[in-house]
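Please open the model in your viewer and keep the selection tool at hand. The tour below goes from one selection to the next and says what is to be found at each stop.

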Amino acid sequence: MLKAFLKYRKSAVNAHGIHSPFVFEFYNEVLTKSKYVDDSKILNLRKQLSKDTNLIEITDLGAGSRKSTANKRKVADLVRHAGVSRKYGRLLTQIIRHYNIDNCLEMGTSMGIGTAYLSIDAKKTVTIEGCPNTYKQATQNVQLLNLNGLSMLNAEFSEGLKQAYEIESNYGLVYIDGNHQYQATLDYFNWIIDRANNDTFLIFDDINWSEGMRQAWDEIVSSEKINVSIELFRMGIVLKRKEQTKQHFILKF
Ligand SMILES: C[S@@+](CC[C@H](N)C(=O)[O-])C[C@H]1O[C@@H](n2cnc3c(N)ncnc32)[C@H](O)[C@@H]1O
């Protein structure tokens, strides 16, 4: 992870090194402004849940956790280790805000922190969680925020994706944050990109989480199905953008 971070730091550029107008705007209007997103309600929820010592029995349908292999985990620990960080959560909100995205899909609800960041501005958010007990807890957590336009699905991802596309076929943003395995990640990419529109943001979390994730990300970047790929240290973002020449950007964030 440290090696990957040093490599990223060495290659990442700021606005001066970006020649694509689309990515230049992304840097100036999205990356640099994301820190102004008001997420006070989510911070309160995080604070409340970080005191919750209730245990949840986990059904692991993915690559598991590097923090714990226990099948019972505290709500507080899940919020701390599985939920999106504040910095990247605000980034998700700012992407939705800047590009006026109506519909979002999240793969991996966990405690609902990422879901909350997506739902601040989106009109419709669909989120998929495979573990029944996690799903149950997440439904209670998000109730505290009174989110509008939210559909929560308790399903394994391959089945959940089909259900999500029955609810809505046109997503402006898809956040892939679960089952961090090489083949599964490539399979989700191929399934989603074939249904994506020209401007859909496909956002992969934890691209440097393991060798398998890094390999999957490198293959996604070289796929002919996408022209724009943006790498931040933790997340990777791709779009079709047929009008643009294929190019990869590593941006400071
Ligand atoms: C990293 S957490 C999601 C965190 C959340 N997106 C956030 O930002 O707060 C990943 C979640 O994906 C779920 N998951 C993993 N593999 C899955 C699969 N194959 N099908 C359905 N859910 C899965 C796990 O149960 C876990 O709750």
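A residue is called buried if 20 or more other C-beta atoms lie within 10 Å of its own, exposed if 12 or fewer do, and partly exposed in between, with the C-beta atoms placed from the backbone. By that count Ser 20, which has 17 C-beta neighbours inside 10 Å, is partly exposed. This is a predicted model, in which local features need pLDDT of at least 70 and side-chain atom pairs count only at pLDDT 80 or more, while totals for chains, interfaces and linings use all residues. Residues are numbered from 1 along each chain as its sequence is written.

**First stop: Ser 20**

Select Ser 20, which sits in the loop between helix H1 (2–11) and helix H2 (21–31); helices (H or I, at least four residues) and strands (E, at least two) are DSSP runs, numbered from the N terminus. Two residues are in contact if their C-beta atoms, placed from the backbone, lie within 7 Å. With its neighbours within four places in sequence left aside, Ser 20 is in contact with Gln 244 and Gln 247.

**Second stop: the ligand**

Which residues come nearest to the ligand? Of the 21 residues around it, these are Gly 62, Gly 108, Gly 114, Gly 130 and Gly 178, where a residue is counted as near if its C-beta atom, placed from the backbone, lies within 6 Å. Helix H6 (113–119) and strand E4 (124–129) are the elements that give two or more residues to this shell. The shell divides into 8 nonpolar, 9 polar and 4 charged residues; here Ala, Val, Leu, Ile, Met, Phe, Trp, Tyr, Cys and Pro count as nonpolar, Asp, Glu, Lys and Arg as charged, and the others, Gly among them, as polar.

Now select E4, in which 6 of the 6 residues are buried, so that the strand is largely enclosed by the rest of the structure. Lys 124, Val 126 and Ile 128 lie on one side of E4, Thr 125, Thr 127 and Glu 129 lie on the other, and both faces are covered.

Two strands pair if DSSP finds at least two bridges between them, and E4 pairs in the parallel sense with strand E3 (residues 103–107) over 5 bridges. Cys 104 is the residue that stands opposite Thr 125 in E4. Follow the chain from E3 through H6 to E4, and you trace a right-handed β-α-β crossover; right-handed is said of a crossover if, with the strands pointing away from the viewer, the path from the first strand over the helix to the second runs clockwise.

Strand E5 (residues 150–154) also runs parallel to E4 and is joined to it by 5 bridges, with Ser 151 in E5 as the bridge partner of Val 126. From E4 the chain passes through helix H7 (residues 132–143) to E5, and this β-α-β crossover is right-handed.

**Fourth stop: the nonpolar core**

A nonpolar core is a set of buried Ala, Val, Leu, Ile, Met, Phe, Trp, Tyr and Cys residues joined through C-beta atoms within 7 Å. The largest one has 69 residues, and those that touch the most other members are Cys 104, Leu 173, Val 174, Tyr 175, Leu 202 and Ile 203. Select Leu 173 and display its surroundings: apart from residues up to four places away in sequence, Leu 173 touches Ile 95, Ile 96, Ile 101, Cys 104, Thr 200, Phe 201 and Ile 203.

E9 pairs in the antiparallel sense with strand E7 (residues 201–204) over 3 bridges, and Leu 202 stands opposite Val 238. Strand E8 (residues 228–231) is joined to E9 by 4 bridges and runs antiparallel to it, and the two form a hairpin with 4 residues between them.

**Last stop: two loop residues**

Most residues other than glycine have a negative phi. Asn 100, although not a glycine, has a positive phi of about 50°; this residue is found in the loop between helix H5 (86–98) and E3, and it is exposed, with 10 other C-beta atoms within 10 Å. Asp 206 is not a glycine either, and has a positive phi of about 60°. Look for Asp 206 in the loop between E7 and helix H10 (211–222), where it counts as partly exposed, with 19 C-beta neighbours inside 10 Å.
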